[in-house]
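Visitor: I am new to this structure and would like to learn how to read it, step by step. Could you show it to me and then take me through its features?

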Amino acid sequence: MALSYVPLMVLAALAVVACLRLASAAIDVNSAAAAAARQASLARTPGEARAAGADGASATLAGRAFTCQPSTVTVDPGAFVPGGQVSATVACTVRLEDLYGLGLPGTITIRGTSHQPLDTYRGTTAP
């Protein structure tokens, strides 16, 4: 009877690790999307907004290569007028193939989106 508990405990431990990996990646992706949108909202042009958003997301995801590899960042500056809104979407691929015995897919993609308003009383440079 004790021998049957060991494999079940190993599978339970692997399931917990998989859940923690997915939860950690979801938190990281949402944080990176928020940082990207915030950095993009501080820029003065749509081009600067895209670059600043990508930099903000990559800085947030730095050091998270184990749970989030590869990642993509998409910044949508919209009309980029005072009072407007910028959006940032971060997609992250989480590897699960190293967790043997659970029957999980090799990778799962997690997406996070964040929106930030542009300051109503600031100037912008026309695109």
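Visitor: Which helices and strands does the protein have, and in what pattern do they follow along the sequence?

Guide: Bear in mind that this is a predicted model. The protein has 2 helices and 3 strands, and, read along the sequence, these elements follow the pattern α-α-β-β-β.

Visitor: How should I read the contacts between residues that are apart in sequence?

Guide: One looks at how far along the chain the partners lie: among contacts between residues at least 6 apart in sequence, 65% here join residues at least 24 apart.

Visitor: What share of the residues counts as buried, and which residues touch the most other members of the largest nonpolar core?

Guide: Of the 127 residues of the protein, 32% count as buried. The largest nonpolar core has 24 residues, of which Val-29, Phe-80, Val-90 and Val-94 touch the most other members. Two or more residues of this core come from each of α1 (2-41), α2 (46-61) and β2 (85-95), with α1 giving the largest share, 8 residues.

Visitor: What does Val-90 touch?

Guide: Leaving aside residues up to four places away in sequence, the partners of Val-90 include Val-29, Ala-32, Ala-33, Ala-57, Leu-61 and Ile-110.

Visitor: Is Arg-95 buried or partly exposed?

Guide: Arg-95, which is found in strand β2, counts as partly exposed because its relative accessibility is 29%, and buried means under 20%. Its C-alpha atom is separated by 8.6 Å from that of Pro-105, 10 residues apart along the chain.

Conventions
Residues are numbered from 1 along each chain as its sequence is written. This is a predicted model: local features need pLDDT of at least 70, side-chain atom pairs count only at pLDDT 80 or more; totals for chains, interfaces and linings use all residues. Side-chain values use heavy atoms; hydrogens and water are left out. A nonpolar core is a set of buried Ala, Val, Leu, Ile, Met, Phe, Trp, Tyr and Cys residues joined through side-chain atoms within 4.5 Å. Buried means under 20% relative accessible area, exposed over 50%, partly exposed in between (1.4 Å probe, protein chains only). Helices (H or I, at least four residues) and strands (E, at least two) are DSSP runs, numbered from the N terminus. Contact means heavy atoms within 4.5 Å.
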